[in-house]
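Let's walk through this structure together, one contact at a time. Keep the sequence and the 3D view side by side as you read.

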Amino acid sequence: MAGGGVVAGEVLLDLVREVSGSGIACGGGGNDVSFKKDCTDLVRRIALLTHLVEEINEFRLKCDGHSLPLDASAPDDVDSASSWYSDLVVALRAAKRLLLLAGNFRSKSSSDGATRRIASQFQSVTWKLEKALSSIPYDRFEVSEEVQEQVELVRSQLRRATERYGSLNLKTLSHALAQLLDEEIDQGQLGNRVVGSLIIQNNGCIDNEVTSKLGAVTESDGSESRGVNLIRYGSKRPGNSSDYSEACLANDIDADGQDNLATKSLEEIKKPDPIVIPDDFLCPISLELMRDPVIVATGQTYERSFIQRWIDSGNATCPKTQQKLENYTLTPNYVLRSLITQWCVKNNIEQPTGLTNGKIKKSDGSFRDVSGDIAAIQALVRKLSCRTVEERRNAAAEIRSLSKRSTDNRILIAESGAIPILVNLLTTEDVLTQENAVTSILNLSIYENNKGLIMLAGAIPSIVQVLRNGSMEARENAAATLFSLSLGDENKIIIGASGAIPALVELLQSGSTRGKKDAATALFNLCIYQGNKGRAVRAGIISALLKMLTDPSNCMVDEALTIMSVLASHHEAKVAIVKASTIPVLIDLLRTGLPRNKENATAILLALCKRDSDNLACISRLGAVIPLTELAKSGTERAKRKATSLLEHLRKLQQL
C-alpha cells in the first residue's frame, strides 16, 4: 500500500531528526568523553541527510497512493531497490544506539578492549551508512540535484572517516554491526533481511568500476599531447598514455552499473588491511600526512602550506578551534616531524616529498639544498604582482616553463605562494598572461598536494571563465586542468556545479582537435559522478557525440563511444540517446567498427534495451541479431559477455 510508504518515509525522517536533534552525542557534557569528536562528526553528517529524507517523504505524499511503496521497485529489480531502505534504517538505528553508548563512554573506567570495540563499531556504522546511501534511487523519488550533491558530499566524508578508523575484514564488520542491531529492529518491516551477511557492493553515484584507478596527467606546456592512464582495480601508477581512448577503454565499463566486486568470492575480495595513518599526523585542513607541520598561536598544528594559504586568504581564526589568532607566527613542530619520519620508516612508507628547511628529499632518501632555487622562485612570484602587464606576462611565462620541468619546481612554486596569484591572473585581459597562468596551474596540478591548494584558492570559477571566453590554447589547457582537478570525487561535484560542463560540451563541438580531446577527457571523468550525467545531457552532449560517431573525418569515435557508454546508465541520457536516432548508428558500428568500437556499442545497446521492449524490438528489426551472434563468438571478452546478454533479452522478447 502507498500509505505504508508514507509511514516508512516518516520512520526515516524521525530517525534522522532523533539523531541530529536530541543531543545524544554530548555525553552529558562531561569532559572525559573519549569519542566526543566521533559522536559530533557522526551527528553532523546524519543531520545533513534531513533534506534528502524530507524530499523523499514529500514525493510519497504527493503520489497520494498512486505509487509503489517506499521500499519497492520494478518487478525485476526488487532485490536491489528494496535493500536501500532497509539498509538505511539499519544504519540509522545502529548510529543512534552507538551514539548513546559512546556518548556515555569513559576511558578512565573502561578497558582498552572496550575502547577498541567502540572504535570498531564507529567504523562499522560509518561504513554501513555510506553503503546504504550509495544505492538510493534518486530518480525514482525526484530528488533534486542540490540534495543529491549534498548526499554525495556526506558519502565522501563517510568514506574518509571509514579509512581513518582503519580497515576491518568482513567478519569483523559483520560482528560489530550485529552487536548494535538487536531485537529492537522490526524484522517484518526490514523484510527479514539478514543483516550479518555483508556483500561488497557499489551502486553509488561515483561509478568506481568506470573509474578504477585514475593515473596522473602527463606534463604539458600547452603544446604537447596529454593523456590519462585509467587503471583497473589495484595499485596506482602514473601513466603517460598519449592515446586517450585506449586508456579509457582499458576499463570494463558495464552499462548496467554492476560492480564486478559484488560477484567475487570473499577469498578474492579479502586484502591485507591498509596501514592507518595516526590522526595526529594528518593536517586538519587537508586530511593528508603532514610533511612540514607548524604550530599556530592557538597551539594547533597544521601543514605549513595549507595554514599559510588559510591566513593569506584573509582568515583570522584557527580552522580547528575557531579561536581568534593572536598572531600569525608559524612555529615548526620539530617533535611531530620527527615522529612522522620515524613512523614512516617503521611502516616502510615513503615519506612525504616536500620542502623542509630549504631542502627537498630525493628519491634515494638524501636531501637536496634548494635554498637558492627558493629565493629565485620567490622573486619570480613577486613579479606576478608587478604593475606593468609586460612584467606580469614574462613572470607567468617563466613560471609556466619552470612548472613543466620537474616535481621539485612544482613544490617550490606552490610553497612560494604562486597559486592564489596565478588564479587572479586568470581573469586578466592580456591573452598571453592568461594562457601562461592557466597552463602554469595545469602543470602545478600534476603534483597531487597542489590540487588541494588550487581548490582552496577558489580557482574553479575563473578556470571555467577561461574555458568559455579564452583563446583556443587557453580553453584547451583550462579543460585539461579541470580533468586533472576532477580526479578527486568531491572535486567532480564542485566542478560539475560550477557550470563547467556546458562549456566543455561547447569545446567538444567547436574546439580544435586537441581541444576536443581535452574536453572529451574532462567530460568522461566528470560524468563518472551520477549527478553530472544529467547536466551533460541537458548541455547537448548526446548530439555532439552522435556527430562524432557519424562524421567520416572525425577521429574520435572511440572517445564518443566511451563517454556514451558511461552516460547510458542514466535515465535522462537513455531517452536522449534513443530520441537522437542513435540506435541505427550503433548497430552499423557492430558490423563495421573496430573491436573496441563494437564492444562499447554493444554495451550501450544493452543499457538502452534492458527493460525496454520497444528498443529491443527496434534493434531486432534493424538486423542486430547477426552481428551480435558473431560478437558473442569472436569479440573481446567484454563484447562476448554483453552480446550474449543482449541476445538473451531478444530471445525472451520473441517468446512473449
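Rings of Phe, Tyr and Trp (for Trp, its six-membered ring) are taken as a pair if their centres lie within 6.5 Å, and planes over 60 degrees apart count as edge-to-face. Bear in mind that this is a predicted model. With that rule in hand, how many aromatic pairs does a search of the whole structure find? The search finds 1 aromatic pair. The partners are Phe281 and Trp343, whose ring centres are 5.9 Å apart with 75° between the planes, an edge-to-face arrangement. Phe281 sits in the loop between helix H10 (266-269) and strand S3, while Trp343 belongs to helix H12 (residues 334-346). The two residues are 62 residues apart, and the pair links distant parts of the chain. Both Phe281 and Trp343 are buried.

Strands of a sheet pair through backbone hydrogen bonds, in either a parallel or an antiparallel way. Here 3 strands form an open sheet in the order S4-S3-S5, and the pairing is antiparallel. Strand S4 (301-303) and strand S5 (331-332) are at the edges and have a single partner strand each, so one side of each has no neighbour in the sheet. Helix H11 (residues 304-312) packs on this sheet and touches S3, S4 and S5, with its direction at about 95° to that of S4. Strand S3 (residues 293-295) pairs with S4 over 3 bridges in the antiparallel sense. Within that pairing, Pro293 is found opposite Glu303 in S4.

Between H11 and S5 there is a loop, and Gln322 is located in it. Gln322 is not a glycine, yet its phi is positive, at about 65°. This residue is exposed, with a relative accessible area of 51%. Ser581 is another non-glycine residue with a positive phi, near 60°. Ser581 lies in the loop between H27 and H28 and is partly exposed, at a relative accessible area of 49%.

Now for the charged side chains. The count of salt bridges comes to 19. One of them joins Arg393 and Asp430, with the closest N and O atoms 2.9 Å apart. Arg393 is in helix H14 (residues 389-405) and Asp430 in the loop between helix H16 (418-425) and helix H17 (431-445), so this pair links distant parts of the chain, 37 residues apart. Arg393 is partly exposed, with a relative accessible area of 26%, whereas Asp430 is buried, at 16%.

Another salt bridge is formed by Glu476 and Arg514, where the closest N and O atoms are 2.2 Å apart. Because Glu476 lies in helix H20 (residues 472-485) and Arg514 in helix H23 (residues 513-526), the pair ties together parts that are 38 residues apart in sequence.

Arg538 is in helix H24 (residues 530-538) and Glu572 in helix H27 (residues 571-579), so parts 34 residues apart in sequence are tied together. Arg538 is partly exposed at 48% relative accessible area, and Glu572 is partly exposed at 30%. Elsewhere, a network of salt bridges links Glu130, Lys131, Glu152, Arg155 and Arg159.

Asn615 is in helix H30 (residues 613-621) and is buried, with a relative accessible area of 9%. Which residues does Asn615 touch, leaving aside those up to four places away in sequence? They are Val578, Ile583, Leu608 and Cys609. Asn615 and Ile583 are 32 residues apart in sequence, with 8.5 Å between their C-alpha atoms.

In helix H31 (residues 625-634), the buried residues are Pro627, Leu628 and Leu631. They fall within an arc of 100° when seen down the axis of H31, so they line one face of the helix. Their cover includes helix H28 (583-592), helix H29 (595-609) and helix H32 (637-655). Ile626, Lys633 and Ser634 are exposed on the other side of H31.

Key: Residues are numbered from 1 along each chain as its sequence is written. This is a predicted model: local features need pLDDT of at least 70, side-chain atom pairs count only at pLDDT 80 or more; totals for chains, interfaces and linings use all residues. Side-chain values use heavy atoms; hydrogens and water are left out. Two strands pair if DSSP finds at least two bridges between them. Helices (H or I, at least four residues) and strands (E, at least two) are DSSP runs, numbered from the N terminus. Contact means heavy atoms within 4.5 Å. Axes are lines fitted to C-alpha atoms, for helices over the stretch in contact, and angles run from 0 to 180 degrees between N-to-C directions. Buried means under 20% relative accessible area, exposed over 50%, partly exposed in between (1.4 Å probe, protein chains only). The arc is that of the directions from the helix axis to the C-beta atoms. A salt bridge is a side-chain nitrogen of Lys or Arg within 4 Å of a carboxyl oxygen of Asp or Glu. Rings of Phe, Tyr and Trp (its six-membered ring) pair if their centres lie within 6.5 Å; planes under 30 degrees apart count as stacked, over 60 as edge-to-face and the rest as tilted.
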